[in-house]
Amino acid sequence: GVAMGKANEAITDAAMRREWLYKEWQKYFDGLDNEQKSIYEVPQETEVPGAKDKQRFLSQLWTQLRRIVLVSYRNLTAKLVDTVILVVAAVIISMVSGLPEISRNDNPSIEFETLVSFDQTSAPGIVAQLFKYAATIQLTFPLQIGLITAVLVGLQASRTLTSKQLEFFRETSSGYDSNAYLLAVNIVVTLETSVQIAIVALISAMLREPVAEWTVFFAHFLAMAWTVVSWSLLFPMVMPAENVSTVLGAFFAFFGLLLSGAVPPIGFGKIYGGDIVEHLSAWLSVTRFFLEGMAASEHRCLPEQSGWTVSEESINFDRANTLMAYRRFSYARHDPNATLYDCGGWYWGILPTIFIGITVRYLGFLAMHGFNRGKQTKKPVFHEIQKDGKCGILVVVLLLVLIGLIAFTTWLYTRDLEADYEYVGIEKWVQTGLEQNLTELRQTLNLTDRNVSDIPNLLEMNADLDTSALTRETLPTGEFPDEFANQPDPNVFEGTV
């Protein structure tokens with residue numbers, strides 16, 4: 001029909017155009033000299049190129065390090081602006097918070113009748129009044145500066161991956177080693193943020209003037225930054241670059257506040273309760289160990305009469321029986337030696353923080369090979385497992401390593417450290433003292449050659465001594481009276497003090 005006629009006409013016109021183009025090309029080619037014609041000669045036959053050897057891992061790592069450092073150098077102005085923002089935030093928070101008020105001028109309010117009739121019923125109220133001058137909360141400053149620093153550092157660290165995500169997919173598709181790239185990013189970003197956070201720690205310590213040594217600030221700030229960077233390098237691997245900033249900021253702010261241990265209803269008493277909250281807080285909140293380490297270090301520098309610490313010379317005293325054991329504070333519940341007087345700081349949370357960061361970075365390594373494989377010109381992992389059994393074995397090994405890291409890290413922050421002292425109890429101490437006195441009496445009176453039955457037994461002479469009433473058990477996890485209420489809690493202490 002009509003359609004077929006138009007098709008035949010179009011084919012005829014195309015053939016005529018090709019013929020005309022060929023004739024014109026012939027005229028042009030015939031007018032060229034020999035040198036110009038040589039350009040269009042058929043090249044000589046050559047062998048097919050062989051497969052090129054890839055660069056070794058260390059060579060690619062060195063190349064990636066140089067490239068990332070070069071990019072950072074070109075963005076030096078932006079890095080300086082980010083550092084200035086961090087410093088300004090630290091200055092503002094430190095100035096607003098002021099110097100640490102580790103104790104206050106608050107004299108105890110105890111009735112004379114209560115003092116002269118000291119018994120088990122009045123003991124809680126008296127103790128609360130005696131130590132209320134030192135029962136201060138030291139979590140406000142760490143919480144404020146921890147949250148702000150975590151959000152700012154996290155957003156800065158994530159830009160290294162999100163800004164070059166397309167280049168990463170392109171180079172991975174071209175055969176470059178993605179492991180070398182990720183390791184190079186980890187090294188450079190960690191060093192950059194460590195320098196920034198060290199400056200923030202120095203400024204904060206100078207303005208804050210902590211009671212404990214300045215090394216507390218540097219150690220805990222760097223440990224928190226290590227975890228922050230770890231999460232910042234994980235999120236770009238599992239979600240689009242456009243959403244990383246929003247999700248990352250919400251993650252740090254929400255969990256850093258709710259699971260930090262400083263905000264009700266989840267305090268440190270709840271965290272140390274032994275349920276799922278302890279694990280969620282440790283893994284998801286980058287401020288959890290930071291807050292506790294900063295606060296406990298300050299209280300640990302108070303003298304023994306404050307109720308927070310004891311000295312090394314304390315004999316037969318349960319060192320866990322201090323203000324740290326009360327639910328109002330509940331610091332260092334896994335470390336009984338935290339109450340030992342020491343202004344050098346308390347660093348129990350540093351090691352768990354380091355291994356949490358290592359585990360999260362390893363999870364980022366797995367996410368890099370598990371997500372966005374199509375953009376890296378790779379088949380899905382399940383397809384690779386079906387194709388090659390060795391790939392399945394490798395996946396199982398990698399998952400076992402992840403499980404091992406999680407288990408070891410969990411053990412680090414849940415284990416109870418051994419006390420460096422022996423608490424035998426007052427009852428046993430009195431018994432031992434009476435036996436020692438009997439031995440000394442025999443030696444003094446030159447009665448060592450006499451039978452024990454011929455010598456008055458001090459234990460029998462003191463049989464009416466009720467040593468069980470002297471027993472001081474470990475303090476229960478009761479609430480330290482808020483504002484030291486008039487009605488004392490009889491469950492705070494057991495036995496006679």
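This is a predicted model: local features need pLDDT of at least 70, side-chain atom pairs count only at pLDDT 80 or more; totals for chains, interfaces and linings use all residues.
Colleague: Which residues touch the most other members of the largest nonpolar core?

Modeller: A core of this kind is a set of buried residues joined through their side-chain atoms. Here the largest one has 80 residues, and Phe221, Trp231, Trp308 and Tyr331 touch the most other members. Helix 10, residues 215–238, supplies the largest share of this core, with twelve residues.

Colleague: With which residues is Trp231 in contact, leaving aside its neighbours within four places in sequence?

Modeller: On that basis Trp231 is in contact with Leu248, Phe251 and Phe252, with Trp283, Leu284 and Val286, and with Val360.

Colleague: How many disulfides does the structure hold, and which residues does the disulfide join?

Modeller: The structure holds one, joining Cys301 to Cys343 with an S to S distance of 1.8 Å. The pair links distant parts of the chain, 42 residues apart, although both cysteines are placed in the loop between helix 14 (288–299) and helix 15 (350–370). The link of Cys301 and Cys343 is right-handed, with 80° about the S-S bond.

Colleague: Is Cys301 buried or exposed, and why is Cys343 classed as partly exposed?

Modeller: Cys301 has a relative accessible area of 9%, which is under the 20% limit, so Cys301 is buried. Cys343 has 23%, which lies between 20% and 50%, and is therefore partly exposed.

Colleague: How many salt bridges does a search of the whole structure find?

Modeller: A salt bridge pairs a side-chain nitrogen of Lys or Arg with a carboxyl oxygen of Asp or Glu. The search finds eight. One of them is formed by Glu19 and Lys23, whose closest N and O atoms are 3.6 Å apart. Both residues lie in helix 1 (residues 2–30), four residues apart, about one turn of the helix. Glu19 is partly exposed at 47%, and Lys23 is partly exposed at 46%.

Colleague: Where in the chain do Arg67 and Glu171 lie?

Modeller: Arg67 and Glu171 form a salt bridge, with their closest N and O atoms 2.6 Å apart. This pair links distant parts of the chain: Arg67 is in helix 3 (residues 57–74) and Glu171 is in helix 8 (residues 165–173), 104 residues apart. Arg67 is partly exposed, with a relative accessible area of 36%, whereas Glu171 counts as buried at 11%.

Colleague: Which residues are linked with one another in a network of salt bridges?

Modeller: Arg67, Arg170 and Glu171 are linked in such a network.

Key: Residues are numbered from 1 along each chain as its sequence is written. Side-chain values use heavy atoms; hydrogens and water are left out. A nonpolar core is a set of buried Ala, Val, Leu, Ile, Met, Phe, Trp, Tyr and Cys residues joined through side-chain atoms within 4.5 Å. Buried means under 20% relative accessible area, exposed over 50%, partly exposed in between (1.4 Å probe, protein chains only). Helices (H or I, at least four residues) and strands (E, at least two) are DSSP runs, numbered from the N terminus. Contact means heavy atoms within 4.5 Å. A disulfide is a pair of cysteine sulfur atoms within 2.5 Å. A salt bridge is a side-chain nitrogen of Lys or Arg within 4 Å of a carboxyl oxygen of Asp or Glu.
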